[in-house]
Amino acid sequence: MMTLTSAVPRKNSPPKKNSAPKENPAPATDSAAVPRAASPGTAARARKVLAMVAPPALSFGVGIALWYLVSYQILSPERRFLLPPPHQVLTTSLLDKAHVDPMLDALLVTARVSLVGFVVAAVLGVGIGVVMSRGAFVERAIYPWAVVAQVIPVLAIVPLIGLWFGYGMTARTIVCVIIAIFPIIANTHFGLMSVDRGAHELFTLSRASMPARLWKLELPSALPAIMTGFRTASGLVVVGAIIGDMFFAKGQPGIGTLLDIYRSRLQSEDLIAAIILASLFGIAVFAVFSVLNALVHRRR
């Protein structure tokens, strides 16, 4: 017998919702409160900087320690004026305006001589390197004289330079040029002779003139080698300027002139301070050209 409930049609029941438990969302955290681990690139850069800074800092500390050792343990108090301790040089000379101002003025004169000497050496050196690259006969005729200018003792010809050009700024500049010109000549010649032969043939097919070949192909290709010569010459030109100051004292005194004066007067603190300033100037000039040289090589 059919029951009453089975006779009544059933209503469509709504679809059941998914009974799977909902996952609770993760609580929001403050990103600033969670420390982030250093990226591998940052750690690598830090190690690289440390590798560059640590050795010079360590050697500088060892040098200062040895300086103190010699001043206080090896030299007797009566002879300590030969090498006064670092703090005495700092307080007596470098931090005393009356002592350091003449040194800075003299260093500015030396810097001007170095700049003029470097410009003259760069123009002459690149020009001679270009002329030497024009042919083997010209190279064999000029290169021995460039070698002579490099190996001849500058101090031996200083009296002759003073006799011919006087004892002023011109003679100082000539000493700078003689000392600094050879690396520029050698590197310019090397760079010009290393230009790709295929590029030369391409310019030949296009019937390029010699000036066009020089300015558009040879000099741009030789620029890294030329910059290497400039970097080497930048350090030598400072040495030449200081040597010129010592021997050609006519006119404004340079840092080399003060070095000779302090030596004759046994002013050890001022002598060491002047040496430190001259060294820092030379390091700064060399560092600037090292950066320029690295930028040129990176672009190549």
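How many helices and strands does the protein chain have? In this predicted model, in which residues are numbered from 1 along each chain as its sequence is written, local features need pLDDT of at least 70 and side-chain atom pairs count only at pLDDT 80 or more, whereas totals for chains, interfaces and linings use all residues. Side-chain values use heavy atoms, with hydrogens and water left out.

The protein chain has 11 helices and 0 strands, where helices (H or I, at least four residues) and strands (E, at least two) are DSSP runs numbered from the N terminus. Along the sequence the pattern reads α-α-α-α-α-α-α-α-α-α-α. Of the 300 residues, 33% count as buried; buried means under 20% relative accessible area, exposed over 50%, and partly exposed in between, with a 1.4 Å probe and protein chains only. Contacts are heavy atoms within 4.5 Å, and of those in the protein chain with a separation of 6 or more, 73% are between residues 24 or more positions apart. The accessible surface of the chain is about 19800 Å², and carbon and sulfur atoms supply 69% of this area. Accessible areas come from the Shrake-Rupley method with a 1.4 Å probe; for residues, only the protein chains shown count as cover.

An unreviewed UniProt entry places the feature "transmembrane region" at residues 49-70, 106-130, 142-165, 171-192, 233-251 and 271-296; such annotations may be inferred rather than shown by experiment. Residues 106-130 are 100% helix and 0% strand, with end C-alpha atoms 36 Å apart. For residues 142-165, the values are 92% helix and 0% strand, and the end C-alpha atoms lie 24 Å apart.

V62 belongs to helix α2 (residues 40-74). Together with L58, L66 and L69, V62 forms a nonpolar surface patch with about 380 Å² of accessible area. Patches consist of residues with over 30% relative accessible area and no salt bridge, with nonpolar side chains (Val, Leu, Ile, Met, Phe, Trp, Tyr) joined within 5 Å and like charges within 9 Å. V62 counts as partly exposed because its relative accessible area is 43%.

Helix α11 (residues 268-299) contains E269. E269 is buried without a salt bridge, and R80, the nearest side chain of opposite charge, is 10 Å away. A salt bridge requires a side-chain nitrogen of Lys or Arg within 4 Å of a carboxyl oxygen of Asp or Glu. Lys and Arg count as positive and Asp and Glu as negative, while His and the chain ends are not counted. Leaving aside residues up to four places away in sequence, E269 touches P84, Q88, V89, T92 and S93. L295 is also found in helix α11 and is partly exposed, at 42% relative accessible area.
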